[in-house]
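I opened this entry to look up how the chains meet. My notes follow the display.

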Amino acid sequence: MNKMNKYKLSIFLSVFTMCIVLVIVLYPFIWLFLSSLKFEMDIVKFPPETLPERLTFSQYIRDWQKLPLLTMTRNTIIFSTMTTFTNCLLCAMGGYAFARIFFKGKNIVFAFVLISMMVPFQVFMIPLYIIEYKIGILDSFLGLLLPRLTWPFGIYMLRSFFGSIPKSIEEAARIDGANEYVIFWRVMFPLCIPAVLTIGIMTLVNNWNDLAYPLILTNSIQMRTLSVGLAMFVGQRVIEYGPTLAAAVVSLIPLMIVYVFLQKFFVRGVVMSGLKG
Amino acid sequence: MKRILLFLVLITCMVSMVFAAGSKEDVSTVTKGTEISFWNGFTASDGDILREIFDRFNAENPQDIKVDMDIMPWANMLEKLAVSVSTKTGPTLILLGLENIPEYSESGALLSLNDFWEWSGLDKENYSPNVLKAFQYNNNTYGIPMQYNSHYLYWNKDLFKEAGLDPEKPPKNFSEFIEYAERLSDPTKEQYGYAFAADSAVITNFLWSNGGDWLTADNTKSAINSPEAIQVFKMFQDFSKNKISPTGMTGADLDNLFYAGKVAMYINGPWLIAGCREKGIDFGIGSIPASDSGNKEFIGTGVAFMITSSATEEQKIAAYEVIKYWLSKDILKEWTLRNGFPAWSQEVLDDPEVQKNLIQSELGTITQYTRVPFEGLPESTQILSDYVNPILEQLTYLKISPSEAAEKMEEGINKVLKNR
Amino acid sequence: MKYSKKRINSIWYSPQVAAWVFLFPSLVSLMVFVFIPLLTAFLMSFFDVNIFLSSIKFSGFSNLKEIAEDSRFWNSLKNTFQYTFLSVLIGTTFSLSMALYVSKNSMFRKLLRFSFYAPVVCSMTAMGIVWSILLDPTIGMIAKWTQMIGLPKMEFLKNPDMAMPLVVFVSIWKTFGSAMIIFIAALHAIPNVYYEAAVIDGAGVWIQFRKITLPQILPVLGFNVITSTIAGLMVFDQTYVMTRGGPLFRTETIVQYLYSRAFSISPFRLGYASSIAMILFFIIAIISVILYRSFLKNENRVSGNE
């Protein structure tokens with residue numbers, strides 16, 4: 001009986017702990033969403049309350065009036081989804097090449113890829129601006145896309161995943177006479193779809209939310225993304241919290257929707273993946 | 001014969017003068033339809049008013065000038081400005097705090113605006129000489145004022161009443177100020193008598209009124225290690241020590257506290273006015289307390305129009321048109337009444353609507369006591385960021401004494417100035 | 001004709017060439033838009049240059065010498081190490097623990113799995129603002145709750161000693177989801193038979209973890225540790241949004257410091273900032289190599305690949 005009680009106790013404790021973690025994780029979102037529906041003076045009042053005393057959509061209306069929301073959403077979608085596609089493809093190809101093919105200069109090239117991951121954006125953004133200016137792609141979609149075609153982190157991660165696929169699968173394909181490209185496309189890539197999807201959603205999220213990068217490389221409000229919209233209510237001395245929070249919610253919802261869909265797909269993929277080997 | 005000759009010479013002179021004047025006109029009027037880019041950092045609600053004004057300008061101006069305004073946070077604008085100017089992709093017109101004029105002009109990023117007043121034909125006497133002087137650098141004009149403001153004392157009238165003080169009578173001098181602040185503080189209710197952020201700007205007001213200053217008059221050495229300065233430092237440190245003011249807050253944090261009714265007295269620029277109205281605070285606004293001897297001298301700061309070196313001659317003239325439009329009575333009056341920034345143009349100050357506006361008439365009288373700190377010194381931001389503000393922070397966190405603070409600041413300031 | 005076509009084909013289909021074909025677009029993009037700007041930035045560290053690019057004077061190593069005596073630089077280095085150590089240690093442990101719990105399939109755990117990734121999806125700027133308001137000493141919800149349960153009034157982000165741990169907390173809150181997902185993928189790859197055999201042999205949960213789970217996920221553990229270390233050493237957004245490097249410079253990180261030298265404080269010394277960046281880069285590179293070696297040795301032993 002004692003063992004049974006111990007077991008029940010441990011289940012209870014673990015569920016309890018998880019619920020606390022869940023609350024900590026989710027509360028800021030709940031607060032964000034509820035506060036976006038409050039009047040400005042209710043957001044920063046004393047004593048603070050989570051629930052709004054009275055509801056208002058005025059913050060969202062203010063966003064709509066002040067920002068070209070549709071244009072910004074369009075730009076954000078174009079920028080993030082295109083980089084997501086190219087990233088998934090190029091990172092998979094790059095990861096595969098590093099993991100499965102031995103070629104001359106491999107270690108140097110891989111070191112080169114890693115190095116590009118080790119310097120923060122603030123350091124090279126000015127030279128980047130100058131290079132884009134010299135090439136002539138400032139303030140354009142191409143200018144936003146080309147530097148972000150690939151992601152060293154993604155290449156690194158997919159290299160690990162491709163590396164863990166047993167050689168036997170690859171050898172079987174080779175014996176069947178398939179060339180490198182077919183092996184990659186028909187055999188290896190499908191096996192790593194969950195990992196590729198992970199990279200995909202990470203790229204989507206990072207580029208969707210990025211502020212500094214699109215801001216410095218574009219010159220007109222027509223090219224700006226949603227993340228800029230967020231910063232538009234944060235003045236140097238005055239912060240309009242209401243519209244900022246509403247803008248944060250607006251920027252968050254499309255990502256959440258995408259995440260919900262990809263999530264189901266992703267989990268199923270992980271469970272069924274041939275990585276179990 | 002002589003007469004005819006004389007007559008011909010006269011005619012020739014007159015004709016050539018007309019032609020000369022005419023050609024001067026041609027160069028300095030703008031081509032129709034010129035487009036200029038305009039960057040500034042007016043995010044938040046004053047940006048909305050700015051946009052409205054410029055949308056009207058774009059629609060109505062007779063020369064068909066199109067102003068393409070790009071508003072982004074100041075930090076991002078500064079990131080982009082320098083490199084865009086150096087690659088000639090910079091904007092024509094910008095707004096920037098006047099404290100940036102010395103270093104931006106030194107770096108060659110700005111065009112000289114010395115010919116603006118003559119070109120515009122505006123009456124320079126109409127504008128406050130204090131203010132115009134503040135935007136000069138080395139006797140040259142690189143910035144034309146867009147707005148100018150000082151700091152003002154705000155007080156929460158409800159909290160005054162609760163503490164038994166007359167809500168219409170703010171403290172007039174340092175002693176009253178300290179006394180009121182103590183009476184208005186209540187740690188049990190988390191109420192602060194006077195709240196301040198560890199920023200040199202607010203303290204400058206008290207420093208000057210008390211007779212001290214950051215630098216010597218010729219800007220060559222520090223003058224901060226003086227008994228007057230140490231007195232002011234002690235006053236502020238005591239505020240932190242006695243919990244009359246919270247520690248470590250930023251300006252934005254304190255604005256929130258004031259809006260939440262937790263701060264009885266607060267010193268800030270005019271941007272608080274709109275927020276107070278919105279949040280329903282019964283507030284009073286007036287002059288910062290003078291020193292006990294009655295001396296008052298306050299900080300002046302502002303935002304200037306500047307034209308970058310990326311602008312062509314055409315665009316420069318178009319920008320001049322924009323600036324001239326801004327300096328007109330109607331626009332300045334609109335900015336004053338809608339945005340709350342004090343008027344510095346006499347015709348606006350004389351306007352009956354402005355005079356009727358209690359707040360604006362009050363603010364307008366303070367401008368004459370203002371000057372700009374570190375005037376004309378390119379190293380000012382370095383001195384403030386590296387030495388003054390961090391040491392003030394240590395002071396409020398009770399890590400050093402007021403005299404130590406003054407000594408360290410003196411050391412730091414002289415170090416920077418030595419490298420000039 | 002056919003002969004040369006065959007030659008071309010055999011070249012095209014050779015592994016060597018295929019590898020380069022796979023890598024080509026990535027390498028070009030990285031070379032032009034990352035590597036060359038990086039090189040330029042590093043070259044700038046030997047010059048005295050400001051962001052206006054208006055006066056460019058060669059200064060050799062004088063920037064480095066000045067950095068050695070710059071107390072604020074050393075302070076930012078210490079802060080960055082503190083941040084990285086805390087966030088990697090606590091973050092990795094936490095995300096691994098969560099992954100272990102959440103990787104089994106049940107409704108509750110699926111809900112958890114879904115929710116835990118949510119913070120990753122939002123922007124750091126937005127959530128930084130949210131947390132700043134929540135942590136406000138007077139009008140924040142957290143202040144209200146701590147006082148409700150009887151704790152004394154705390155200054156949270158305004159307290160020099162509390163600020164960094166709080167920033168680390170928010171950072172972990174934001175990022176543990178992605179490390180967790182990667183751990184889950186790795187955990188699912190461990191064949192169940194190992195555990196079944198262990199249970200039959202009478203091994204307890206802790207032994208199972210040490211002898212089966214840990215070795216199997218070692219490469220992924222290494223990956224998470226390395227990438228979060230690099231991210232930690234390069235941290236900027238978290239501190240910039242929440243504390244601006246204060247109070248009393250206790251949360252100023254290296255990148256934050258070099259950013260302020262280049263963009264916020266006159267005379268906007270881009271050359272000096274680039275020198276700091278160069279030093280940071282070497283630190284990151286060295287630490288990464290050390291970490292890589294210690295995880296890589298084991299990686300070879302386990303999978304027999306690579």
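How many residue pairs are in polar contact between chain A and chain C? I found 10, both residues at pLDDT 80 or more; a polar contact is a pair of N or O atoms within 3.5 Å, one able to donate a hydrogen and the other to accept it, and residues adjacent in sequence count only if both atoms are side-chain atoms.

I noted that this is a predicted model, where local features need pLDDT of at least 70, side-chain atom pairs count only at pLDDT 80 or more, and totals for chains, interfaces and linings use all residues. Residues are numbered from 1 along each chain as its sequence is written, chains are lettered from A in the order in which they are written, and side-chain values use heavy atoms, without hydrogens and water.

**Chains A and C.** I looked up contacts (heavy atoms within 4.5 Å): 97 residues of chain A meet 92 of chain C. The buried area (accessible area lost to a 1.4 Å probe, summed over both parts) is about 8,400 Å². Carbon and sulfur atoms give 80% of that area. I found one salt bridge (Lys or Arg side-chain nitrogen within 4 Å of an Asp or Glu carboxyl oxygen) between these chains. E49(A) pairs with K144(C), the closest N and O atoms being 3.6 Å apart.

**Chains B and A.** Here 27 residues come from chain B and 31 from chain A. They bury about 2,700 Å², with 60% from carbon and sulfur atoms. In chain B, K80(B), V83(B) and W271(B) lose the most area to chain A. I counted three salt bridges across this interface. One of them joins D48(B) to K66(A), with 3.3 Å between the closest N and O atoms.

How values were computed
Buried area = accessible area lost by both parts, 1.4 Å probe.
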